[in-house]
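Trainee: Could we go through how the two parts of this protein meet? I'd like to start with the terms.

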Amino acid sequence: MLDMLTPSLATLPPVESDSLLALIALCNADPRPEKIDVGVGVYRDGAGTTPILRAVKAAEKLLWERQESKGYLGGRGDVEFAKLLRPIVLGRHADDERIDGVQTPGGCGALRLAFQVLKLANPYARVLMGTPTWPNHPPMAEGTGLEVVRYPFYDAERRVIRFDAMLDALQAGRPGDVALLHGCCHNPTGADLDPQQWQAVTRVVVERGLIPLVDLAYQGLGRGLDEDGEGAWGLLDVCDEVLIAQSCDKNFGVYRDRVGALFVKTSAKDSTANAMAHVLQMAREMWSMPPDHGGAVVRTVLQDEALTADWKVELDAMRARLNGVRAQIARADPRLAYIAGQYGMFSMLPLNFDQVKSLRTKSAIYMADSGRFNVVGMSDEALPRFIAAVVEAMDG
Ligand code: PLP
């Protein structure tokens, strides 16, 4: 028998609770039928549901009819899936043979694999990332043993990017350090770099010899598929080494199917092949192979012209709703005007923790402690009540 002095599973320290999971539990336990959950990061339509896209349903039907085997696919996953993503994710660089891509379990799988291969290539590389960022970024990088260096990204008072501070931090980077950049739809702030800012960041990345890792989890949900890819494409124009961690989970609405890809560019086709061999070996150690279904569904959509066209219509509609709701919230109060100039699923409201808590107790509105909210978390019907409650909380 193990005693309590021998380290074992029983002596593990307690896990620090994840505040977003705690928020979900709080919201679930609230019996008020009018409750609004703007904490969780999934797209909801005007009716307040997260439907399966038409194109996805049609592709699943086709797959059911056509798929004849569930035999292993191999570490790269669905090769055709990664190939068909290239024009979308890489744009004018789609034919660059120095870039290779593999399927991963969602954007998370791609990010973890990216950090892992960067650590292998240079154990002393530091990952430069802004504050705030998506809460999963630091632990995913640190989990590989890489050091994370934070810099101020957002001025929460003025609701703008602290661009000078960002550039200074990148300038202070050492050659080989990794610049983690949100490709579009910054999570949690919604504050995206404009084209001039992308150019300035790209210049510094090149000058300092940094390796950019672009997290492209929301392509098409900001300004458009091409517009949202342009930041990454500008880096590919001039950088020898670039990594792109991509997710289809949001723009195809297949969150639980875990669909993503990691694209890696190095200076030569041979070195990319070698880097990819390492990537595949590390993937083998972690998950062996990515799950097939979601990748096969996306591939089936992209193989079919009509389904692709329909997916783009549906993506346009999601983006239009996001930007429409943003405009409505922004019109409600001058203090919320900035929300119209931001992109993607999230922005941060000018609320302190007490105000966020009072929204929960008084109005059954659940958002992260930081005031981050899912812009399309509420139905059209609930939107006026949401706006009124937020304005009241700001006044209170
Ligand atoms: N990157 C960012 C910025 C995200 O917000 C998310 C998910 O919320 C991801 C990556 C991971 O996406 P996935 O669900 O595909 O793993």
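Mentor: Happy to. A salt bridge here is a side-chain nitrogen of Lys or Arg within 4 Å of a carboxyl oxygen of Asp or Glu. The model is predicted, so local features need pLDDT of at least 70 and side-chain atom pairs count only at pLDDT 80 or more, while totals for chains, interfaces and linings use all residues. Residues are numbered from 1 along each chain as its sequence is written, and side-chain values use heavy atoms, with hydrogens and water left out.

Trainee: Got it. How many salt bridges are there between domain 1 and domain 2?

Mentor: The count is 0. Polar contacts (N or O atoms within 3.5 Å, one able to donate a hydrogen and the other to accept it; residues adjacent in sequence count only if both atoms are side-chain atoms) link 16 residue pairs across that interface, both residues at pLDDT 80 or more.

Trainee: Which elements give two or more residues to domain 1's side?

Mentor: They are α11 (305-332) and β11 (346-348), helices (H or I, at least four residues) and strands (E, at least two) being DSSP runs numbered from the N terminus. With 12 residues, α11 gives the most to that side.

Trainee: Switching topic, where are the domain bounds?

Mentor: Domain 1 covers 9-53 + 307-395 and domain 2 covers 55-304, with bounds from an automatic or database domain assignment. Their centres, over C-alpha atoms, are 25 Å apart.

Trainee: And how much area do domain 1 and domain 2 bury?

Mentor: About 2,600 Å², 64% of it on carbon and sulfur atoms; that is accessible area (1.4 Å probe) lost on being put together, summed over both. In domain 1, L307, W311 and Y343 lose the most, together 29% of what that side buries.

Terms used
Buried area is the accessible area (1.4 Å probe) that two parts lose on being put together, summed over both.
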